[in-house]
Amino acid sequence: MTTLGCALFATRWLQAPLYFGLVAAQGVYVYKFFNELWHLIHHVISGHADETHVMLAVLKLVDVVMIANLLIMVIVGGYETFVSRIGLQGHRDQPEWLSHVNSNVLKVKLATAIVGISSVHLLQMFVDVHHTPRHDLLWGTVIHMAFIASAAILAYMSGPMAAHEAKARTVKEDPPAAVVIPAQRDRGAAGDGGAAAEPGTGAEERIAAAGFPSRKVLEMFDEGQLRSPEPQVIARLGKADFVTRKANVVLLGGPGTGKTHLAVALGVRACQAGHQVLFATAAEWGTRLAEAKAAGRLREELARLDAYPVLVVDELGYVPFDPETARLLFQLVSHRYERASLIVTGNLPLDRWDEVLGDGATARATVDRLAHHAEVVTLDADSYRTRRLEGAAPTAF
């Protein structure tokens, strides 16, 4: 970038004081909220507040809160979009909309927030209709309808604009290396510039794109050999409602107990329920994230994986990771915390993951986020491979 270009780009920091000014305005609304609340409580205690007065006062409080919400959306989203990234990566309270916010999304969200605020104002007029002039009611309704029409137009226009931006990114973006997970196993993340398969594609296309090592279904799982858990646990997981709850599934057990079978079968159920799924071993995920970090696009890679409601991380625990790979896997778990689902299989109980992730602090932080909203299932059974050997007839030599 030229010196002039750098100087012009640096002028974006002139906007920073504007956002801090909005923070001060938010403080004003906090004061206004508690001032209105105190007046409401005082009138109720003194007996001077009838039902209409209470309703109007509550609507004023709601109005103040909605405007404060609008302010925080402009402050955080606007600063992130136009000034500088905010280092919230992995923060448990990161707003859902912040990971994919841009000027287009921000305009639509602001328009819908304004419609909500206008709705509250209009409701206040109708609640106090006896003291509101008809002229004010008429123009309040007209203005509210204008806000609705504007929001609808912005929402309609955001579709083609977003598609144009995605197409532009696809043209500009260099195709990432496909060493770890081949393109046919990551059509959404590598094959077509970061967009997952279209929602209208069928379950078979989603299953084929998930990259499962082989196709497994729950009906093929031999529950009769399990000492735990109970069969109803497997049946409940098979409903795939953990995906809509953005919860995780952790399958633990020794070799040959069916962990990968169950992980694949649950992934297939998720595909059949209309969700995009991506499968890889823990070692493959570690290598993929390491390559993304080396290329300076780790944040983009994690955001790209948001297109998949379910990621399967298989065979965690068999091979210890170096500290850097362990931290990268923590970032994957942290990024998807309360945002999307993970299905993880491992051979070690959670309290021994420090043996795999090396650093005890990293292991505890990873387990804390992974298991918080998770169904942790320990499979207790003899190895099906051993059972097959025991059942085979001896061969004479």
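Analyst: Rings of Phe, Tyr and Trp, the last taken by its six-membered ring, form a pair if their centres lie within 6.5 Å. Planes over 60 degrees apart make the pair edge-to-face. Keep in mind that the model above is predicted.

User: Which residues do ring pairs link into a cluster?

Analyst: Trp13, Tyr19 and Tyr79 are linked in this way.

User: How many aromatic pairs are there by that rule, and how do I read one of them?

Analyst: The count is four. Take Trp13 and Tyr79: their ring centres are 6.4 Å apart and their planes meet at 70°, so this pair is edge-to-face. Trp13 sits in the loop between helix H1 (3-10) and helix H2 (16-46), while Tyr79 belongs to helix H3, so to read the pair is to read a link between distant parts of the chain, 66 residues apart. Trp13 is partly exposed, at 40% relative accessible area, and Tyr79 is buried, at 18%.

Phe33 and Phe34 also pair: with centres 5.3 Å apart and planes at 85°, they are edge-to-face. Phe33 counts as partly exposed at 22% relative accessibility, whereas Phe34 counts as exposed at 51%.

User: How do I read a salt bridge, and how many does the structure hold?

Analyst: Side chains of opposite charge can pair when their charged atoms come close. The structure holds twelve salt bridges. One of them joins the side chains of Glu204 and Arg215, at 2.8 Å from N to O. Glu204 is in helix H7 (residues 203-210) and Arg215 in the loop between H7 and helix H8 (231-237), so the bridge ties together parts eleven residues apart in sequence. Glu204 is partly exposed at 46% relative accessibility, and Arg215 is partly exposed at 41%.

Another bridge joins Arg245 and Asp241, at 3.9 Å from N to O. Arg245 is exposed, with a relative accessible area of 52%; Asp241 is partly exposed at 33%.

User: Are Arg288 and Glu301, which meet in a salt bridge, buried or exposed?

Analyst: Their side chains meet at 2.5 Å, N to O. Arg288 lies in helix H11 (residues 282-294) and Glu301 in helix H12 (residues 298-304), so the pair ties together parts 13 residues apart in sequence. Both residues are buried. Salt bridges with shared partners join Arg288, Arg297, Glu301 and Arg304 into one network.

User: How do I read the sides of a helix, and which residues of H15 are buried?

Analyst: An α-helix has 3.6 residues a turn, so residues three or four places apart point the same way. In H15 the buried residues are Thr362, Ala363, Thr366, Val367 and Leu370. They cover an arc of only 125° around the axis, which puts them on the same side of H15. The face turned away from that side carries the exposed residues Arg364 and Asp368.

User: What do the buried residues of H15 pack against?

Analyst: Their partners are strand E1 (248-253), helix H13 (323-336), strand E4 (341-346), helix H14 (354-357) and strand E5 (374-379).

User: What span should H15 have?

Analyst: At 1.5 Å a residue, its 13 residues (360-372) should span 18 Å. The end C-alpha atoms of H15 are 18 Å apart, which agrees.

Methods. Residues numbered from 1 in each chain as written. Predicted model: local features only at pLDDT ≥ 70, side-chain atom pairs only at ≥ 80, totals over all residues. Heavy atoms only, no water. Helix = DSSP H or I, 4+ residues; strand = E, 2+ residues; numbered from the N terminus. Expected span 1.5 Å × (residues − 1). Buried < 20%, exposed > 50% of the residue type's maximum accessible area, 1.4 Å probe, protein only. Arc of directions from axis to C-beta. Contact = heavy atoms within 4.5 Å. Phe/Tyr/Trp six-rings, centres within 6.5 Å; stacked < 30°, edge-to-face > 60°. Salt bridge = Lys/Arg side-chain N within 4 Å of Asp/Glu carboxyl O.
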